[in-house]
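Reader: I have the structure open and would like to talk through it with you. Could we begin with the ring contacts and then move on to the interfaces?

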Number of protein chains: 4
Amino acid sequence: MTELYSSMRVYVEDTDAGGIVYHANYLKYMERARTELMRSLGYSKPALFDGLQLVVHQLSIKYIHPALLDDEIRVLARLDKVKRVSFLMTQMIFREGICLAEADVKIACLDARTKKPAAIPLPMYAKLKGLND
Amino acid sequence: MTELYSSMRVYVEDTDAGGIVYHANYLKYMERARTELMRSLGYSKPALFDGLQLVVHQLSIKYIHPALLDDEIRVLARLDKVKRVSFLMTQMIFREGICLAEADVKIACLDARTKKPAAIPLPMYAKLKGLND
Amino acid sequence: MTELYSSMRVYVEDTDAGGIVYHANYLKYMERARTELMRSLGYSKPALFDGLQLVVHQLSIKYIHPALLDDEIRVLARLDKVKRVSFLMTQMIFREGICLAEADVKIACLDARTKKPAAIPLPMYAKLKGLND
Amino acid sequence: MTELYSSMRVYVEDTDAGGIVYHANYLKYMERARTELMRSLGYSKPALFDGLQLVVHQLSIKYIHPALLDDEIRVLARLDKVKRVSFLMTQMIFREGICLAEADVKIACLDARTKKPAAIPLPMYAKLKGLND
């Protein structure tokens, strides 16, 4: 299965007046991990390429335990299913082996100009499917 | 039904290099609308009060059409179900009557110190239930 | 003098674990106020237009009193000096008449493609100078 | 001289519709680098400690070249002058040896409760001065 863990640190910018990481910022951590997974597959700017654009189409997240200032976290990006115009990922955020948040994310490929669905280019599709391995 | 629409503007801070609003920032718009709904019920700092804390516990969002720089959007916060330690909301983001994003959000009440679930104070519970009306 | 005050609210997204507005977020408030000033002059997407781009080139800010969750603030954008490829603004953030922060901001006009300095288009230049009034 | 370089990556979250890093986000990079400098001196949550709080009091930044999506940047935090209730730092952001932005930052120590200036604790003061070396 195609997956990658990325390590990152929680900084003051990520926290809110509740003393915990602001809920929307978990999505930033997850996007960083997806970007690193794509980079590991050879795509250095996956969000924007060849007139195409990968965007989050659907996202479902459970916040289990709050991440805190200065935490060192590991963020999982795992490819679950690759389709012609989209793919599904599972993402989890861990601190010392404890899962803080878990999400299902559907990424869609768009034409960057029209913002309409577009087929994932075949070489990327094959990479995501793990067909080259 | 307890609901409120809040109007807001998309600024450069909200956008990303894809030329659209960064996906995590829709969650900020939704939180602003929830805050305004709570304010309309008489709670001016609902995120932090009386040693308690309201946090997002679960969130499921569909991105339908991208919001763009300078868009004027209307954000709905609607209370669907109020329970003893949590409540459920539907949230939608509109631009000129078109729904750009839709989310189900579960808000939980925590003890601010221990970060454990805590009962919503009765007066707030009654307000959220619309019992005072 | 060309100036405008914009009112806005401090939300949880803006705060940090220190219980105050995160220092970088004051810059967002100021950008919103600049955008509204430009809109009042007839420019609805001043950050990006006609192959040009207005960017912050230099910024100097003093943080005097912290802005807090739920504060209602008024943000001043005032044009001080308009030159051919840049202009200078004074910006201030107020809460109930008290100045929380004050900044000098230099905005430069760039060619959006080459990112090199470019002359402000004459109609905008005239507007900024107040020559049309 | 007490200084540290931190390496980081530019992600989509950092960029704006202009295709470059949003100007306020350079301040986040600089704060991360300051935090790492403090950590290297033995302070793991320097922003909040012992009832005290380190906050940005004054900041002056020049944006020289735009940082772009996917850039790998190195961020310098250098202590220039340590006083009893504040200290001054120089910060720079580099990409492949080219300076993208440069800032002077004044950090003040506050009483976390009253938000009034407070003396930097002596052990931290000595560390910042490099007296222990």
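Author: Gladly, and with the caution that this is a predicted model. Over all chains, the count comes to 12 aromatic pairs.

Reader: How are the rings of Tyr26(A) and Tyr63(A) arranged, and what is the pair called?

Author: Their centres are 5.0 Å apart and their planes stand at 80 degrees, and because planes over 60 degrees apart count as edge-to-face, the pair of Tyr26(A) and Tyr63(A) is edge-to-face.

Reader: Which parts of chain A does that pair tie together?

Author: Tyr26(A) belongs to helix H1 (residues 25-40) of chain A, while Tyr63(A) belongs to strand E3 (residues 52-63) of chain A, so the pair ties together parts that are 37 residues apart in sequence.

Reader: Are Tyr26(A) and Tyr63(A) buried or exposed?

Author: Both Tyr26(A) and Tyr63(A) are buried. In chain C, Tyr26(C) and Tyr63(C) also form an edge-to-face pair, with 5.0 Å from centre to centre and 80 degrees between the planes. That pair links helix H1 (residues 25-40) of chain C, where Tyr26(C) lies, with strand E3 (residues 52-63) of chain C, where Tyr63(C) lies, 37 residues apart. Tyr26(C) and Tyr63(C) are buried too.

Reader: Back in chain A, which residues do ring pairs link into a cluster?

Author: The cluster linked by ring pairs consists of Tyr26(A), Tyr29(A) and Tyr63(A).

Reader: And where does the charged end of Arg84(A) sit?

Author: It sits over the ring of Tyr125(A), at 4.6 Å from the ring's centre. In chain C, Arg84(C) lies over the face of Tyr125(C), likewise 4.6 Å from the ring centre.

Reader: Tyr125(A) takes us to helix H2 (residues 122-129) of chain A, so to speak; which of its residues are buried?

Author: In that helix the buried residues are Met124(A), Tyr125(A), Ala126(A) and Leu128(A). As background, an α-helix has 3.6 residues a turn, so residues three or four places apart point the same way.

Reader: What do the buried residues of H2(A) pack against?

Author: They pack against H1, strand E2 (48-49), E3, strand E4 (72-82) and strand E5 (86-95) of chain A. After H2(A) comes Gly130(A), with a positive phi near 75 degrees.

Reader: What about helix H2 (residues 122-129) of chain C, which residues are buried there?

Author: There the buried residues are Met124(C), Tyr125(C), Ala126(C) and Leu128(C), and the buried residues of H2(C) pack against elements of chain C that include H1, E3 and strand E4 (72-82). Gly130(C) follows H2(C), and its phi is positive, near 80 degrees.

Reader: How many residues of chain B are in contact with chain D?

Author: Seven residues of chain B are in contact with seven of chain D, and the same surface serves both copies, in that 100% of the contact residues of chain B recur in chain D. About 640 Å² is buried between chain B and chain D, with carbon and sulfur atoms giving 71% of that area.

Reader: And what area do chain B and chain A bury?

Author: Chain B and chain A bury about 2,100 Å² between them, 61% of it on carbon and sulfur atoms, and 23 residues of chain B are in contact with 23 residues of chain A.

Methods: Residues are numbered from 1 along each chain as its sequence is written. Chains are lettered from A and ligands numbered from 1 in the order in which they are written. This is a predicted model: local features need pLDDT of at least 70, side-chain atom pairs count only at pLDDT 80 or more; totals for chains, interfaces and linings use all residues. Side-chain values use heavy atoms; hydrogens and water are left out. Rings of Phe, Tyr and Trp (its six-membered ring) pair if their centres lie within 6.5 Å; planes under 30 degrees apart count as stacked, over 60 as edge-to-face and the rest as tilted. Helices (H or I, at least four residues) and strands (E, at least two) are DSSP runs, numbered from the N terminus. Buried means under 20% relative accessible area, exposed over 50%, partly exposed in between (1.4 Å probe, protein chains only). A charge sits over a ring if NZ of Lys or CZ of Arg is within 6 Å of the ring centre and within 35 degrees of the ring normal. Contact means heavy atoms within 4.5 Å. Buried area is the accessible area (1.4 Å probe) that two parts lose on being put together, summed over both.
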